[in-house]
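Reader: I am new to this one. Could you please take me through it step by step?

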Amino acid sequence: MRNGKQRSRIQNERVLPSKLAVNFPTEDIVLVTASPVIKAVTNFKQVSKVLEEFDVEEQPSTVLENRFPNIKVIESGVKQLKSEEHCIFTEDGRQHAYRKLCLCAGAKPKLICEGNPYVLGIRDTDSAQEFQKQLTKAKRIMIVGNGGIALELVYEIEGCEVIWAIKDKAIGNTFFDAGAAEFLTSKLMSEKSEAKIAPKRTIYTIEGARKENRSKAKADNVGSALGPDWHGGLDLKGPQEFSHSIHIETRCEVKKIYLQEEFKITKKKPLAFPKHQDKSVTLDKEMWPVYVELTNGKIYGCDFLVSATGVTPNVQPFLHGNNFDLGEDGGLKVDDQMRTSLPDIYAAGDICTACWQPSPVWQQMRLWTQARQMGWYAAKCMAAASLGHPIDMDFSFELFAHVTKFFNYKVVLLGKYNAQGLGSDHELMLRCTRGQEYIKVVMQNGRMMGAVLIGETDLEETFENLILNQMDLSSYGEDLLDPNIDIEDYFD
Ligand SMILES: Cc1cc2nc3c(=O)[nH]c(=O)nc-3n(C[C@H](O)[C@H](O)[C@H](O)COP(=O)(O)OP(=O)(O)OC[C@H]3O[C@@H](n4cnc5c(N)ncnc54)[C@H](O)[C@@H]3O)c2cc1C
Ligand SMILES: NC(=O)C1=CN([C@@H]2O[C@H](COP(=O)(O)OP(=O)(O)OC[C@H]3O[C@@H](n4cnc5c(N)ncnc54)[C@H](OP(=O)(O)O)[C@@H]3O)[C@@H](O)[C@H]2O)C=CC1
């Protein structure tokens, strides 16, 4: 495939090829992807210096090729990389040489039990559709995990009993502390029992305290990860006539999963779904396809489980014969120029582990925002390296900033929003109006280090500036969160 022209070959990352195509209009840019569609960022909005909002849209590859004549899309998975020879081999039997390569193959769901047909993971369009299909027939499911996917699912699923098993004391540990979790829990209870699903029955229980208010995960999860609002187009409805029926089991993990026949022999006693204010323990007489024993000793039957237990970087197709340095989380280690440990190979997005000395208020999280920023920056680094130019770290890595939605609330996370890595040497300031907003700031030595903003607080830009400029705020004390003081004016 070498034709004398300089070639850059890259894996699938919608931002990266277009940036490279602009920087190198006379070179061939090849996007090699296992997915039949390209995910494009649309409606991009720079909310503030670092915060950004955008939609993610599936487009045929021709859209990209038509827009950038020097981009060619090859729809075939990479099965092998020979880094010393600077070439890759694709499933369609072809070989492609590269001058510079960027690996952006994402991550795979880290399932609690690989290969069990009753344990589903959600990553791409196929796995989400398989989940939806299974849900239409399910009377009860168990969700395991306490991060982004679990939070979204418990809010969206209707007409099916949900047992939510979490390791922690409070919900949403990857994003929230116990205070924010409490704020969201009450919203979940009240909203679901109000307008949206008023005529139906809503049951919400935490460890028995009731408050009214694809048959198999695909072995080769190679589609693009779903993005913001992924469930918008899916009807996440079970067969029953109630809206929400959630029971949360806290501080536990899955100990063992039994198939029905296997379970019968054990003579163990499964519990019924905890109903209403009944504190007594009721045994379950119904037969279920699968039974789950939790580490707290409780056993529940259900139709299937969703393992929303995080991701593992998808490095496997590239490791054989290539001595990449890997991070603790299994990602390809990249330096501040997005270079892996092997020559001319870069990486960006979920597949990589950021190994540069980070800014004191940035941390890596496997999110769309960071994948987009890394893709953009990796393209700049590849271009600069080709031209022999030095390049400074991109501004987007100065401050961790994520805007999303949970339980229909706008959620903004800034800097060390959960005091990550600050030990006990920090203070928290809180402002909370039930059902409306929850604001938490993390302070260290009078400086703002992070913030969680839930609801329409309108504070993100001001707080972003205060974290970035590390101004000494000691003299403002509690005024910082006083709702009667227009804080924007204060810092103009
Ligand atoms: C259900 C769900 C909801 C999410 N919601 C949000 C959200 O609201 N906000 C947010 O910020 N983040 C969200 N995320 C996370 C976000 O989707 C990921 O962080 C982001 O997509 C990572 O981008 P990426 O380009 O690194 O990987 P992906 O988007 O996974 O893209 C990887 C690409 O590589 C291709 N590929 C894989 N293996 C090969 C191979 N061997 N050969 C060729 N091509 C290959 C795949 O086909 C795919 O196209 C969500 C994730 C999930 C699963
Ligand atoms: N709106 C958004 O921003 C969204 C973002 N996403 C992103 O998509 C990716 C996948 O989401 P998700 O799967 O929810 O991953 P997350 O990393 O968000 O959460 C994984 C959760 O599973 C827990 N966990 C890990 N292993 C086990 C286990 N063996 N048993 C029980 N619990 C376990 C983790 O706990 P612990 O942390 O203690 O290990 C954590 O609570 C993530 O990168 C996430 O950030 C997904 C949906 C929405």
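Author: Let me begin with a term: helices (H or I, at least four residues) and strands (E, at least two) are DSSP runs, numbered from the N terminus. By that rule, V78 is found in strand β6, residues 78–82. This is a predicted model, in which local features need pLDDT of at least 70, side-chain atom pairs count only at pLDDT 80 or more, and totals for chains, interfaces and linings use all residues. Residues are numbered from 1 along each chain as its sequence is written, chains are lettered from A and ligands numbered from 1 in the order in which they are written, and side-chain values use heavy atoms, with hydrogens and water left out.

Reader: Does V78 count as buried or exposed?

Author: V78 counts as buried because its relative accessibility is 11%. Buried means under 20% relative accessible area, exposed over 50%, and partly exposed in between (1.4 Å probe, protein chains only).

Reader: And how far apart are V78 and D92?

Author: They are 14 residues apart in sequence, and their C-alpha atoms are 9.0 Å apart in space.

Reader: Turning to ligand 2, which residues come nearest?

Author: There are 22 residues around ligand 2, and I149, N173, R366, H402 and T404 come nearest. A residue is near a molecule if one of its heavy atoms lies within 4 Å of it.

Reader: How does that shell divide into nonpolar, polar and charged?

Author: The shell around ligand 2 has 8 nonpolar, 10 polar and 4 charged residues. Ala, Val, Leu, Ile, Met, Phe, Trp, Tyr, Cys and Pro count as nonpolar, Asp, Glu, Lys and Arg as charged, and the others, Gly among them, as polar.

Reader: Why does ligand 2 lie between two domains?

Author: Ligand 2 lies between domain 2 (119–307) and domain 3 (401–490) because both give residues to its shell. The domain bounds come from an automatic or database domain assignment. Helix α4 (148–156) and strand β25 (401–406) each supply at least two residues of the shell.

Reader: Now to Q370: where does it lie?

Author: Q370 lies in helix α8, residues 368–387, and counts as buried because its relative accessibility is 4%.

Reader: What about aromatic pairs: how many does the structure hold?

Author: The structure holds 16 aromatic pairs. Rings of Phe, Tyr and Trp (its six-membered ring) pair if their centres lie within 6.5 Å; planes under 30 degrees apart count as stacked, over 60 as edge-to-face and the rest as tilted. One of the pairs, F176 and F406, is edge-to-face, at 5.8 Å centre to centre with 80° between the planes. Both F176 and F406 are buried.
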